[in-house]
Amino acid sequence: MDFRLAALERWLGAHFPAIPVSLAPASEDASFRRYWRLSFADGRSFVAMDAPPEKEDCGPFLRVASVFAAAGVHVPRIHAQDLDAGFLLLEDLGNTTYLDFFRGHDAKAPYAAATEALIRIQLASRPGVLPEYDRALLERELRLFPDWYLGRELGREPTPEEGRTLQGVFELLLANNLAQPRVFVHRDYHSRNLMVCEPMPGILDFQDAVYGPVSYDLVSLFRDAYVAWDEAQVLDWVARYWEKARAAGLPVRQDFAEFYRDFEWMGAQRQIKVVGIFARLCHRDGKERYLADIPRVLGYLHATCRRYRELAPLARLLDTLAPG
């Protein structure tokens, strides 16, 4: 028996007395959270979040929702909450993610809207509100690659030389990442967490937001783990963001070539992390479907490392793992 689901149904029943409550899965999640859609005959619908308190904390979700809403972007309104039980009743932003929309439509308008929303979030930034995206966290993320992708997925212990290569590249990336101006960072600002709704985009899965490098969310958006775009198109979208960000007064580099280098080096950090996370989701959590997205992410990483002399040692290491 699903005791969490039964408890959620009882909690919802107290909010909607004398109205039959029918739940259907609303979305998948890489965490222990589950989402259910409630639909009523009068056309109303809501989404219920089930976040087991022993595994997930709803507090950060509520705090970041308030911060982002104050920035003027579309996050779900919270209609009811029980933090002890781990239940939230949220506004329903629909069931069309950007990823779903891209399968049959042009990406121009959704990405323009996502860029505008990202700039609003960044303009609201101030220190001391969200956790710091500090060296310890960035480095811990990088370690997921040797621990989970090399060690668990490939069953390969790095040689001493390979270990030195990884650590040397990690140090270069960390130095770049930590030198970038700092803003609010969603951390998973991509096609599965952006919704086609009114106003667009609806923004989900923001509970891990931090205060960190200005280029991070742009990497999440345009070097998406779930959908790939032509490099020239990505360059154009990043340039459009950079122009708008400069006009808005955000602390981006004044030279676009330098900003794009920051974007790519931040991307390398994220891609190393994501490959490790996807391997961990498979081997720790039994979510094997994420393995199918690893080649796309490794492709981004490989291309970036080949473009920069300093990162070439990692490109050569990647060649030994997946030639070509």
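Which residues line the second largest pocket?

1. This is a predicted model, in which local features need pLDDT of at least 70, side-chain atom pairs count only at pLDDT 80 or more, and totals for chains, interfaces and linings use all residues. Residues are numbered from 1 along each chain as its sequence is written, and side-chain values use heavy atoms, with hydrogens and water left out.

2. The second largest pocket is lined by Asp106, Ala107, Lys108, Tyr111, Ala112, Thr115, Phe222, Gln233, Asp236, Trp237, Arg240 and Lys244. Two or more lining residues come from each of helix H4 (108-123) and helix H9 (231-248), and H9 gives the most, with five. A pocket here is an open set of points on a 1 Å grid over the protein atoms alone, where a 1.4 Å probe fits, with protein on both sides within 12 Å along at least five of seven lines; lining residues have an atom within 4 Å of a point. Helices (H or I, at least four residues) and strands (E, at least two) are DSSP runs, numbered from the N terminus.

3. The space in this second largest pocket is about 220 Å³, taken as that filled by probe spheres set on the grid points, which are joined across faces, edges and corners.

4. The loop between strand E7 (194-195) and strand E8 (202-203) holds Pro199 and Pro201. The Glu198 to Pro199 peptide bond is cis, with omega about -10 degrees; the bond from Met200 to Pro201 is also cis, with omega near 0 degrees.

5. Arg187, not a glycine, has a positive phi of about 90 degrees and lies in the loop between strand E6 (182-185) and E7.
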